[in-house]
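Hi,

Here is the structure I promised to pass on. Have a look at it first, and then read on for what turned up.

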Amino acid sequence: MIRKKSSMSPFFVTDIGELCRLLELPEEIPSRPQLQHTDFPLLVSRPFLARIPKGNPNDPLLLQVLPRPAEFAEQPGYSPNPVGEFQTNKSSGILRKYPGRLVIVASGDCAVHCRFCFRRHFRQSAVPNGGVEWGSILREIEADESIREVILSGGDPLMLEDATLASLLARLAVIPHVQRVRVHTRLPIMIPQRVTEELVAVLRPSSKRRLTLIVVLHVNHPAEIDEPVAVALARLVDAGIPLLSQSVLLRGVNDRVEVLAALCERLINLRVMPYYLHQLDRVTGAAHFEVPENVGMELIRNLRAVLPGYAVPRYVRESVGESSKRVLA
Ligand SMILES: *Cc1c(COP(=O)(O)O)cnc(C)c1O
Ligand code: SF4
């Protein structure tokens, strides 16, 4: 049974030297101290590492998690807060940009530090965690009848203990105007063992549960989905929980039509509906992952030619000050 991060620590690798030994990578990588001592250090789960073939420094899964010197290069046009998200943070723990829905930063923790994460410079600014501090967030939601959907994000809300998550859902369920809760998570990919029967019981719809719950999975490459992940996803879908996916378009990771097609096809076969393909947010340290928008649009056109329509995600970009994400293709 997985609980707090401390009890999850056997699941994680945080030392670059250890990672390089495990994956038989060149010793020069760990010898760069700058990479180890950032405010967003290496963090990756062992089940994820087990999917990475040894000896390939350019593996698409490895690129997502291994700190690189390119993160420290001068990156004009990139900023620590690219989508203006943290100005919208009225009371701590809430992000509110779009009508009808809001985001609760439900946990400051993740089971991975994705090198391209647009919240990489705001790890510490989160977050109520134990249950006591939810009060002001819930009062804000209660006071605003326009909010029909609450998105639990973070960090990763599935880093919370089951009991904490259950109590948060119960407290949201008594707010009459809240109809849906969406859970944005990468945990079923990082640690499929997190999807226990107990967790499924917390999330499963039932005649007693008024709220509709939807899970949105963050996944970027078909090799992230091995058999244990497939089993974890099937558990959620079998329980009647709608599953959607979102991916970030990343140079060297998934910027080829064959890779995106294989990812989308694998997802629909597992009954996960591709929802969004995100254009990279221009966060400092992530410039080397950017794929130009015209290339992204061409990729989507080519995807449409090989996949059923429902398997093609919407290619979207965050833009400051707009009332929704902008659909590029
Ligand atoms: C992406 C996002 C949402 C959800 O947008 P949808 O288009 O409904 O998926 C909500 N709030 C914020 C701040 C977001 O960035
Ligand atoms: S799982 Fe999501 S929030 Fe966590 S580091 Fe990755 S992109 Fe960022």
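To start with the ligand: how far is an oxygen atom of ligand 1 from an N or O atom in the side chain of Tyr276? The distance is 2.6 Å. Bear in mind throughout that this is a predicted model, so every value here is computed from predicted coordinates.

Next, helix α7, which runs over residues 162–173. Its 12 residues reach 16 Å from the first C-alpha to the last, close to the 16 Å expected at 1.5 Å a residue. Which of its residues are buried? They are Asp162, Thr164, Leu165, Leu168, Leu169 and Leu172. These residues lie on the same side of α7, because they cover an arc of only 165 degrees around the axis. As for what they pack against, the partners are the helices α6 (134–142) and α9 (197–203), along with the strands β5 (149–153), β6 (180–185) and β7 (212–218).

The bond joining Gly154 and Gly155, however, is cis, with omega at about 10 degrees. Gly155 sits in the loop between β5 and α7.

As a rule, most residues other than glycine have a negative phi. Glu24 is not a glycine, yet its phi is positive, at about 55 degrees. You will find Glu24 in the loop between α2 (16–22) and α3 (33–36), and with a relative accessible area of 54% it is exposed. The other one is Arg271, again a residue other than glycine, with a positive phi near 65 degrees. Arg271 belongs to the loop between α11 (257–269) and β9 (273–278). Is Arg271 buried, partly exposed or exposed? Its relative accessibility is 41%, so Arg271 counts as partly exposed.

Then there is Ser45, in strand β2 (residues 44–45). Ser45 has 0% relative accessibility and therefore counts as buried. What does a polar atom of its side chain have 2.6 Å away? That would be the backbone oxygen of Met190. Leaving aside residues up to four places away in sequence, Ser45 touches Phe11, Phe12, Ala111, Met190 and Ile191.

Last, the cysteines. With the cut-off at 2.5 Å between cysteine sulfur atoms, the count of disulfides is zero. Take Cys20: the nearest cysteine sulfur belongs to Cys114 and is 18 Å away, so by the 2.5 Å cut-off Cys20 is in no disulfide. Cys20 is buried, at 1% relative accessibility. Cys110 is buried as well, with a relative accessible area of 14%.

That's the lot from me.

Cheers

Terms used. Residues numbered from 1 in each chain as written. Chains lettered and ligands numbered in written order. Predicted model: local features only at pLDDT ≥ 70, side-chain atom pairs only at ≥ 80, totals over all residues. Heavy atoms only, no water. Helix = DSSP H or I, 4+ residues; strand = E, 2+ residues; numbered from the N terminus. Expected span 1.5 Å × (residues − 1). Buried < 20%, exposed > 50% of the residue type's maximum accessible area, 1.4 Å probe, protein only. Arc of directions from axis to C-beta. Contact = heavy atoms within 4.5 Å. Polar contact = N/O pair within 3.5 Å; in protein donor to acceptor, adjacent residues only side chain to side chain.
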